[in-house]
Amino acid sequence: MGVGIIDIIVFVIFVVVVIGIGLWQSRNEEIHGEHGAQDYFLAGRGLTWWLVGFSLIAANISTEQFVGMSGKAADWLGMAIASYEWMAAITLVVVAFLFVPTFLKSGIYTIPEFLEYRYNPFARMVMAISTLIILVGVPTASVIYSGAKVITVNFQGQALFGLDLGSITVGCWIIGSLAAVYVFAGGLKACAWADLIQGTALIFGGAIIAYLAMKLLGQADPAALAATATSSVDPSQLADAGAIERLQLLNAGDWQAGKLHMVRPPDDPEVPWTALVVGLWIPNFFYWGLHQYITQRTLGSKSLAEGQRGVVFAAFLKLLIPFVVVIPGILAYNLFTSDLETAAVVKNAKAIATFAPDLYAELSDEVKPDPNEALFVNDIKAINKRLEAARTNLPEDITVFRFTEVFAKSHPGDAERILTYNAERLGAVAPSTDFEPLDILDANRTLLEQAASGASKEAVHELVLRDYDAAFPVLIKNLLPKGIGLKGFVLAAIFGAVVSSLASMLNSSSTIFAMDIYRKIRKEPSQFELVSVGRICVVAFVFIAMLIAPRLDNPKFGGIFTFIQEFQGFISPGILSIFLFGVLVHRAPRACGTVGLIINPILYGALKYFAPDIAFLNRMAICFFVILAVLTIMTLLKPLPQPVTLPVNEKMDMRTDPRTKIFGVAVVLLTLTLYVIFW
C-alpha cells in the first residue's frame with residue numbers, strides 16, 4: 001500500500017521530462033505569423049506517421065480503459081468488452097482509406113468545418129456547439145475523475161505542500177492543471193511529442209501489470225481461486241495447472257457466463273451479440289473517424305501517406321490493448337475478490353449516506369468502512385460530510401435502493417432493513433420475508449417495479465457486493481512493490497495517459513471554439529488572435545471540467561465507462577450518418593446535415609426514456625438506421641442538381657503508399673484471427 005520515496009522521485013521525473021520534451025519540441029511555433037493557427041492547432045501539418053500513431057493511442061487510452069473497461073472485464077463482460085478495442089482496429093483501417101483522404105485534401109481544421117462545406121453553416125454550428133458541450137462536460141471531466149481515482153488510491157494519507165494527495169478533488173485539480181500547462185503553451189505539437197513517450201510507457205506499464213498478475217495467478221491458492229470460477233471447478237484441477245491454463249479453467253464456462261468469450265447473449269444490457277453486427281460499429285466509426293480530439297492528430301499529418309500509415313499503425317497497437325487492460329481486469333476478480341468487496345463497502349456507504357442518512361445509522365458495521373483502517377480515512381471523512389449535508393438538506397427526490405442477489409445473500413439483515421426503508425419512502429407496506437435472502441430480493445424487486453409503473457419517477461441506486469471500477473487500482477496496490485521505483489513508473493505511465501487524453505480534449509475543444517465559433521462571429525480575426533482565444537479556452541474548459549470531475553464520485557453516475565459511452569449516443573449516430581452521406585452520396589441535399597443532427601438527440605432521448613431496457617448500443621443502431629432512412633428519402637425527393645465542390649489544399653501531398661494497404665489488410669486478418677480464438 002502507498003508509495004515510497006523512490007517511487008515519488010520516478011513519478012515526478014517522468015512527468016517533468018514528458019511535459020518538458022513536449023514544450024521543447026513546440027518551441028519554434030510561429031503564432032504571430034500567417035500560419036499561427038495552423039502551427040498551434042495542427043502542429044503546422046507536419047506530424048510523421050509514428051507521431052500520429054502513438055499520439056492516437058495515447059489520446060485514446062486513458063483511465064476510461066484502465067478503470068472502466070478493466071472494471072467491466074472484472075464484472076460479467078470479460079473479454080466481450082475487448083470488442084471496443086479489436087473492432088476499433090478494423091475501423092481505423094477503414095478510416096485511413098475512406099475518411100482521411102477526404103479530410104486532408106480539403107484542408108479542414110475541424111470536423112464541423114467539413115459540414116459547412118458539404119451542407120450549410122447551421123450544421124457546422126450545431127455540431128460544433130453540441131460536440132463542445134459533450135466533450136467538456138462528459139469525457140474531459142470523466143478522464144480527470146477516473147485518473148484521480150486510480151492515482152489517489154496509492155497516495156492515501158500522504159501530503160505535498162499541505163495538499164492531501166489521497167483526495168479525489170485534489171487529484172482532479174492536479175491532473176487538470178498539468179494537462180492545461182503544456183496544451184496552453186505548445187498546442188498540438190506539444191501534445192504529440194508528449195504522447196509519443198506516454199503512449200510507449202503506457203503499453204509497457206500495462207504489460208508489467210499483466211505479467212505480474214499472471215505470475216501470481218500461477219502461484220495462488222487453488223481453493224481460493226476455485227471460488228471465483230464462472231463454472232464449477234475442482235481445486236485439484238487447478239493445483240498442477242499453469243497460469244494460462246488456470247485462466248482458462250476459471251473463466252471459460254459456457255458462452256453466457258464465461259469471461260473468455262467475445263459473444264454475449266442478446267439480452268445483455270451492454271454488449272449483446274447483436275451490437276457486434278451494427279451497434280458497436282457506430283461509436284467506433286464516430287470516435288475514430290469523426291471525433292475532433294482523435295482526428296485532430298490525423299489532420300496534422302505531413303502528407304496523406306504519413307497520415308494513413310500512422311492510422312494503420314495505431315490500428316495494430318489497438319490489438320495489444322485488451323492484453324494489458326481487459327485480461328488484467330479478469331485477473332483482478334480471480335485474485336482480489338475480497339478487495340473489490342471492500343471497495344464496494346465504501347461505494348455503497350457513500351450512496352446511502354448521501355440519500356438516506358437515517359438508513360445509514362441503522363445498518364450493520366459489515367456494510368460500513370472500518371474507521372480503524374487507514375485506507376478509508378478520506379472515504380470516512382467524505383461519508384461524514386455527506387451525512388451532515390443530507391441531514392440538514394435531505395434531497396427532495398425520492399431515492400430508493402436496489403441490491404443484487406449476492407448482496408442479499410451476504411447481508412440478509414441489511415437487505416431487510418433496506419427493503420423496509422424503500423417501502424417507507426414509497427408509502428407502501430414492506431412484505432414479511434422471514435430473512436430469506438431470495439425472498440427479500442424478490443420483495444424488493446416487486447416493490448421497485450410497482451413504483452416504476454406509477455406516475456412518479458423515483459431515483460433508484462443499486463447496491464453491489466463488489467466495486468468493479470476498483471479492479472485496476474487494486475491490481476496496482478497489490479502487485480507493485482513500493483520503494484524500488486516500479487510503482488512510480490507504472491503510476492507515472494497511467495498518469496501520463498490521463499494527462500495525454502485530457503490534453504488532447506482540451507486542444508480539440510479550444511480548436512473547435514476558435515475555428516468554428518469565434519472565427520464565424522468575429523470576421524477575419526488575426527492568427528495571433530485565434531491562438532490567444534484557443535489558449536483562453538484551454539484555461540476556461542479545464543476549469544469547468546475540474547469543477548465537474550469530483551462530482552462524478554456521486555453514486556448516481558454508476559460505472560464510468562458506461563457513463564461516457566451512454567452520452568456519446570446523443571450525437572454519434574447522427575454525426576456518422578450525415579458524414580457517410582456527405583462523403584458517399586454526392587447529391588444528398590444540404591438540408592440533410594441539419595435534419596440528421598436534430599433528429600438524433602430527440603430520438604435517442606425518447607428511446608432512453610420510454611424504452612430503457614434496450615441496450616444503449618442497440619439504441620444507437622436504431623437511431624442510425626432511422627436517420628439513414630430519412631436522409632435517403634430526402635435525397636430521392638430532392639437531390640442536388642450538381643455535387644458540392646469541396647475546397648482543396650494544394651500544399652498537401654496526396655500520394656499514397658501501397659505498403660500501407662498491405663499492412664492494413666494484415667491488421668484486419670489478425671483481428672479476425674483473435675475473434676476466432678476468443679469467440
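Colleague: Which helix holds both tryptophan 281 and phenylalanine 285?

Modeller: These two sit 4 residues apart, about one turn of the helix. Helices (H or I, at least four residues) and strands (E, at least two) are DSSP runs, numbered from the N terminus. Both residues belong to helix α14 (residues 281-290).

Colleague: Good start! What kind of model is this?

Modeller: Residues are numbered from 1 along each chain as its sequence is written, and side-chain values use heavy atoms, with hydrogens and water left out. Local features need pLDDT of at least 70, side-chain atom pairs count only at pLDDT 80 or more, and totals for chains, interfaces and linings use all residues; this is a predicted model.

Colleague: Is phenylalanine 285 buried or exposed?

Modeller: Buried means under 20% relative accessible area, exposed over 50%, and partly exposed in between (1.4 Å probe, protein chains only). Tryptophan 281 has 22% relative accessibility, so it counts as partly exposed. Phenylalanine 285 has 18%, so it counts as buried.

Colleague: How many aromatic pairs does the structure hold?

Modeller: Rings of Phe, Tyr and Trp (its six-membered ring) pair if their centres lie within 6.5 Å; planes under 30 degrees apart are stacked, over 60 edge-to-face, and the rest tilted. The structure's count of aromatic pairs is 22.

Colleague: What is the angle between the planes of tryptophan 86 and tyrosine 675?

Modeller: Their rings are 6.1 Å centre to centre. The arrangement is edge-to-face, and the angle is 70°.

Colleague: How many residues apart are they?

Modeller: Tryptophan 86 is in helix α5 (residues 83-98) and tyrosine 675 in helix α32 (residues 658-678). The pair therefore links distant parts of the chain, and tryptophan 86 counts as buried at 0% relative accessibility. The separation is 589 residues.

Colleague: Which backbone nitrogen does the side chain of glutamate 306 reach?

Modeller: Glutamate 306 is in helix α16 (residues 304-318). Leaving aside neighbours within four places in sequence, glutamate 306 is in contact (heavy atoms within 4.5 Å) with Leu47, Thr48 and Trp49. At 2.7 Å, its side chain reaches the backbone nitrogen of tryptophan 49.

Colleague: And valine 17: what is its relative accessible area?

Modeller: Valine 17 lies in helix α1 (residues 5-25). It counts as partly exposed because its relative accessible area is 41%.

Definitions and conventions:
A polar contact is a pair of N or O atoms within 3.5 Å; within protein, one must be able to donate a hydrogen and the other to accept it, and residues adjacent in sequence count only if both atoms are side-chain atoms.
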